[in-house]
Amino acid sequence: MLEKLSICLDRFLERGIPGYDCVIYHKGEAVYRRTCGYSDREKAIPMRGDEVFNVYSCSKLVTCVAALLLWERGVISLDHPLSRYLPEFSEVLYMSETGAKRAEREITLKDLFCMSAGFSYNIYSPNLRLCREETDGKCPTREAMRYLSRDFLLFSPGERWEYSLCHDVLAAVIEVASGVRFGKFVEENIFKPLGMKNSTFSHTSEIMSRVAPQYSLTKGKVERITVENEYVIGSEYECGGGGCISTVDDFIIFLEALRKGEILRSETVDMMTENRFSASELRRYWIPNYGYGLGVRCSKGNDGITDFGWGGAAGAFLFIDRENELSGFYAQHVRRSGIEDEWLSLVPMVKSEFLWD
């Protein structure tokens, strides 16, 4: 089963990807696991299947699920203004063609989920640089938002979709709304209950020493890099948009629990996977055929697409297909490899293997 998938994944190795790990579940059982290549190419250390990876933007699903747990408990509302939790965002400015203007309305929590708040993804803005300087490189999650609030938005909230720091801001909202640090909330409400012992948003030197070496595809060549995760902008910054580290075994537990309604109610996942945008509002969106819901790519409706998910900067890729009782997680550690785009075409192939069942 899934021989074609194996052939496709092995082609990644032929193009220079040092190694990968992939698992597929169907009806609650592992039906595919393939671990190939090297976790450390230079030392010829083979992939074992227990590697710890930066999953980068696959973190966003964890963050959105954490926030929706608070929604289910009645702690937050999608319609709440961001300023209810982070008052510094009560009056925001955006840069129009004619100069700075006050936003027509406040940013809402729904805007954060949907990447429509108007933020950019500039982690090197002058204000965030100042945050690093004035906090001695710590940049605590909540404190960093005070600096981010000084940046101009790209557009007035709700105008369109724009990939951005929205889910980093959402992590700070979770911190304020729950009364505990974002990473602790995730640990206590997702990681520990599910037995995800190798997953965390903490980036201490001890934890990072366990992370597999990273590589980058630059000018057609895969080279080892020393940067751990530039999206984690400080030692105390728990990055909701890209700071989770995990293993394949851990992450598939999370995906399966989400698929089966064991973390969020099924109705909540329905809401999460409902497309929120028109075609014109998604003009900056790069995933063909899909819409965008509360933090995930999803069906636009009546288009035959049954999966939802996201991907990460080093090639991690996740999908969940509740209709066909499928979930899958793929991990590698190569930045700018373009693997996510290729996986979008592999998901239908995987799905086709089980349509008869």
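Visitor: How many residues lie between S12 and S13 in their hairpin, and which residue in the turn has a positive phi?

Guide: There are 5 residues between S12 and S13, and Gly 315 in the turn has a positive phi of about 105 degrees. This is a predicted model, where local features need pLDDT of at least 70, side-chain atom pairs count only at pLDDT 80 or more, and totals for chains, interfaces and linings use all residues. Residues are numbered from 1 along each chain as its sequence is written, and side-chain values use heavy atoms, leaving out hydrogens and water.

Visitor: What makes S12 and S13 a pair?

Guide: Strands (DSSP runs of E, at least two residues, while helices are runs of H or I, at least four, both numbered from the N terminus) pair if DSSP finds at least two bridges between them. S12 (residues 307–311) and S13 (residues 317–321) are joined by 5 bridges and run antiparallel, so they pass that rule. Trp 310 stands opposite Leu 318 in S13.

Visitor: Why is S12 called largely enclosed?

Guide: Buried means under 20% relative accessible area (exposed is over 50%, partly exposed in between, with a 1.4 Å probe and protein chains only). In S12, 5 of the 5 residues are buried, so the rest of the structure largely encloses this strand. Both faces are covered, with Asp 307, Gly 309 and Gly 311 on one side and Phe 308 and Trp 310 on the other.

Visitor: Why are H2 and H7 called roughly perpendicular?

Guide: Angles of 65 to 115 degrees count as roughly perpendicular, under 35 as roughly parallel, over 145 as roughly antiparallel and the rest as oblique. Axes are lines fitted to C-alpha atoms, for helices over the stretch in contact, with angles from 0 to 180 degrees between N-to-C directions. The axes of H2 (residues 59–72) and H7 (residues 182–194) come within 10 Å and cross at roughly 80 degrees, so H2 and H7 are roughly perpendicular.

Visitor: And what makes H1 roughly antiparallel to H11?

Guide: The axes of H1 (residues 3–14) and H11 (residues 339–352) come within 11 Å and cross at roughly 170 degrees. That angle is why H1 counts as roughly antiparallel to H11.

Visitor: Which residues of H1 meet H11?

Guide: Contact means heavy atoms within 4.5 Å. Lys 4, Leu 5, Cys 8, Leu 9 and Phe 12 in H1 meet residues of H11, among them Trp 343 and Leu 346.

Visitor: What makes S8 and S15 edge strands?

Guide: The open sheet has 3 strands in the order S8-S7-S15, with mixed pairing. S8 (221–225) and S15 (334–335) each have a single partner strand, so one side of each is left without a neighbour in the sheet.
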